[in-house]
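Biologist: I'd like to go through this model with you and ask what stands behind each label. Can we start with how the residues get sorted?

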Amino acid sequence: MRFLMTYIGDDPSPPSPERMAALAKFGEEMNKSGVMIDTGGILPSSKGARLKLAGGKFTVTDGPFPETKELIVGYAIVQVKSKEEAVELGRRFMTVAGDGTGEIQQLFSQADGPHH
């Protein structure tokens, strides 16, 4: 089972060098165990764009997006045996990353068949 794990940190400042080192060590452990498919940080909305499709017409708005109160700052895609295992990885990650909110969502592809 593949899961997308996202993290919204409570502290808007960049992580300290010590925290970055701890995060890198955790990522290495996940790579060695074979559960990590991909991981990375997400830059502020000022570096991005928002796309909207309404009535067949696209609107593109360059960031930043001031109305966005919570921004995802990091993600991981993991391959595990259960949602419970993904939750445990999320707990371990957040213990290293610090206060914030994490979300875990199961991924699927066409090869997995229909999902409801």
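Modeller: Ala, Val, Leu, Ile, Met, Phe, Trp, Tyr, Cys and Pro count as nonpolar, Asp, Glu, Lys and Arg as charged, and the others, Gly among them, as polar. By that sorting, the lining of the largest pocket has 26 nonpolar, 14 polar and eight charged residues. Bear in mind that the model is predicted, with local features needing pLDDT of at least 70 and side-chain atom pairs pLDDT 80 or more, while totals for chains, interfaces and linings use all residues. Residues are numbered from 1 along each chain as its sequence is written, and side-chain values use heavy atoms, leaving out hydrogens and water.

Biologist: What makes something a pocket, and how much space lies in the largest pocket?

Modeller: On a 1 Å grid over the protein atoms alone, a pocket is an open set of points where a 1.4 Å probe fits, with protein on both sides within 12 Å along at least five of seven lines; lining residues have an atom within 4 Å of a point. Points join across faces, edges and corners, and the volume is what probe spheres set on them fill. Here that comes to about 1200 Å³. The lining has 48 residues, and the closest to the centre are Tyr-7, Gly-9, Val-73, Gly-74 and Phe-93. Helix H1 (17–33) gives the largest share, seven residues.

Biologist: What are helices and strands here, and how many are there?

Modeller: They're DSSP runs numbered from the N terminus: helices are H or I, at least four residues, and strands are E, at least two. That gives two helices and six strands, in the pattern β-α-β-β-β-β-α-β.

Biologist: How do you know which strands pair?

Modeller: DSSP has to find at least two bridges between them. S1 (residues 2–9) and S5 (residues 74–79) have six, in the antiparallel sense, so they pass the test. Tyr-7 stands opposite Gly-74 in S5. The open sheet runs S2-S5-S1-S6, with antiparallel pairing. Strands S2 (36–41) and S6 (100–106) each have a single partner strand, so one side of each is left without a neighbour in the sheet.

Biologist: Why is the Arg-92 and Glu-29 pair called a salt bridge?

Modeller: The rule asks for a side-chain nitrogen of Lys or Arg within 4 Å of a carboxyl oxygen of Asp or Glu. Arg-92 and Glu-29 meet at 3.2 Å, N to O, so the pair qualifies. Arg-92 is in helix H2 and Glu-29 in helix H1, so parts 63 residues apart in sequence are tied together. The whole structure has one salt bridge.

Biologist: Where is the cis peptide bond?

Modeller: Between Gly-63 and Pro-64, with omega about 10°. Pro-64 lies in the loop between strand S4 (57–62) and S5. Most peptide bonds are trans.
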